[in-house]
Structure formats: structure tokens, C-alpha cells
Amino acid sequence: VEVSGAVNLVLCDGVTLTVEKGIHVTGENSLTIYGQEAGDGKLEVKADENQAAIGGNTNEPGGIMTINGGVIDAVGGKKAAGIGGGNCGSGGYIEFAGECTVEADGGEMGGAGIGGGWAGSGGNIVINGCNKIVAKGKGGGSGIGGGQAASGSQNGEEIVIKDGVIYAYGRSGGSGIGGGGSGSAGNIKIYGGQIEATGDYG
């Protein structure tokens, strides 16, 4: 699915939308996702190798992605983030708010759950609130932040958490929130929320 310009997606109650080859959002293109009254409309997204489930492809950052509601299950392709950058791409701009429930898994060999693909920084990640976010990196990727060998944020980027229930798990050297394996934490600001963040060395 290609996002061009500003696209709004409403997840209808009681309905599941399945996307097998990713939702491509990069550059100045934007995707805003809403739920309805019950909030149980679901989006399930998987992606090919080097491609984020929602975000960039190879050498591309994620675009402008805002999740305001619904249930999201995003599994990135190999070396890419669940939500954010493709292989060698930063996260772009990712914002969560409202009554959203999100599970985001990075791809094998270095993808963050939410943030950068392999060698990609986390980008700008803002969590204003959510029912629950579960973010899992793979192969050195952070849960929320940088992919393997990349920082959580860089060059003016930041990770900001204001509210919400958040579970963030890095793997193989990746942090729960911050840098991927061998990467620095970057600029992280936490003002509130219920957070469990666990890194992994092995």
C-alpha cells in the first residue's frame, strides 16, 4: 500500500484490515490512523525484507505517522522496523495518542519495534498516551528507538513519552528504549506513563 500526500485511515469497529506487503510511508507523506467508538477495529501489517510494516523501504526513513486509535499489529521485514524506518532508515516522525493499542515487532537482524531499521536512528517518537504499546526489537534492535548499530535519536531528534502503558523490549544488545546494539541512547524525555523497558545483551 503506497501513501502519497496526507492519508487518513479509519479502522471500523469489528473489522480487521490485513496488509501483507507493508504500508509505505516516507518523506513528507503522512498517515493518520483513527479508531471508531468501540476502538476494536484492527490493522494487521506484515512486510517484505528491508521494508517496515508501516514506514520506509531500503535506505528510507519513515514518513509522518500518527496513530490515534484502533488496534495495530505491525511486523517489520528483515532489517526493518515494525513502525518506522526500512533497512538503513531512521524512524521518521511517529506519534501515538488516544485510545490506541499497538504491537510492533522489528524484523530479524536489527529492526527496532518502533523507530529505526538496521543502522537507522529512532527518529522523532512522541507518545502522548495509549491503551497499550508493546514494542519488540530483534537482532540488536531496540524496543523503541534505534536499530542495530544506531542511536535512539540524533541530529535534533528525540523520544518523548508523556503518558500511556508501554512495554519495550530490545534484543541482542538493544535497549528497551534508546539505542540499538552498539548505539547511544540519544535524547530521551519521559514525563509520565506506566513503562516497562528491558534491554538484552545476549
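**Notebook: cysteines, core and charged pairs**

I began with Cys130, whose sulfur is 5.1 Å from the closest cysteine sulfur, that of Cys100, which is too far for a bond. The model is a predicted one, in which local features need pLDDT of at least 70 and side-chain atom pairs count only at pLDDT 80 or more, while totals for chains, interfaces and linings use all residues. Residues are numbered from 1 along each chain as its sequence is written, and side-chain values use heavy atoms, with hydrogens and water left out.

**Cysteines.** I took a disulfide to be a pair of cysteine sulfur atoms within 2.5 Å, and the structure holds 0 of them. For Cys12 I found the closest cysteine sulfur, again in Cys100, at 17 Å, too far for a bond. I then looked up accessibility, where buried means under 20% relative accessible area, exposed over 50%, and partly exposed in between (1.4 Å probe, protein chains only). Cys130 is buried at 10%, whereas Cys12 is partly exposed at 38%.

**Whole chain.** I noted 0 helices and 18 strands in the protein chain, both being DSSP runs numbered from the N terminus, with helices (H or I) of at least four residues and strands (E) of at least two. The C-alpha trace spans about 40 × 35 × 30 Å along its principal axes, and 52% of the 202 residues count as buried. For contacts I used heavy atoms within 4.5 Å; of those with a separation of 6 or more, 79% come from residues 24 or more positions apart.

**Core.** I looked next for nonpolar cores, meaning sets of buried Ala, Val, Leu, Ile, Met, Phe, Trp, Tyr and Cys residues joined through side-chain atoms within 4.5 Å. The largest has 33 residues, and Ile54, Ile83, Phe96 and Ile144 have the most contacts inside it. Among the strands that each supply at least two residues of this core are E4 (30-35), E5 (42-46), E7 and E9 (93-105), and E9 gives the most, with 5 residues. I listed the partners of Ile83 outside the four places on either side in sequence, and they include Ile54, Met65, Ile67, Phe96, Val102 and Ile114.

**Strand E7.** Thr66 sits in strand E7 and is buried, with a relative accessible area of 13%. Beyond four places in sequence, I found Thr66 in contact with Leu31, Thr32, Ile33 and Glu95.

**Salt bridges.** I counted a salt bridge when a side-chain nitrogen of Lys or Arg lies within 4 Å of a carboxyl oxygen of Asp or Glu, and the search of the whole structure finds 6. Lys21 and Asp48 form one at 3.6 Å, N to O; Lys21 is in the loop between E2 (16-19) and E3 (23-24) and Asp48 in the loop between E5 and E6, so the pair ties together parts 27 residues apart in sequence. Lys21 is exposed at 54%, while Asp48 is partly exposed at 36%. Glu103 and Lys136 form another at 3.7 Å, N to O, and because Glu103 lies in strand E9 and Lys136 in strand E12, this pair ties together parts 33 residues apart in sequence.

**A charged residue without a partner.** Asp105 lies in strand E9, and I found it buried yet with no salt bridge, the nearest side chain of opposite charge being that of Lys138, 4.7 Å away. Charge here counts Lys and Arg as positive and Asp and Glu as negative, with His and the chain ends not counted. Beyond four places in sequence, the contacts of Asp105 include Ala74, Val75, Gly113 and Lys136.

**Loops.** Glu60 is found in the loop between E6 (54-55) and E7 (64-75) and is partly exposed at 23%. Its side chain joins that of His24 in a polar contact of 2.6 Å, a term for N or O atoms within 3.5 Å where, within protein, one must be able to donate a hydrogen and the other to accept it, and where residues adjacent in sequence count only if both atoms are side-chain atoms. I also checked backbone angles: Asn50, in the loop between E5 and E6, has a positive phi of about 75° although it is not a glycine. Lys79, in the loop between E7 and E8 (83-84), likewise has a positive phi, of about 70°, without being a glycine.
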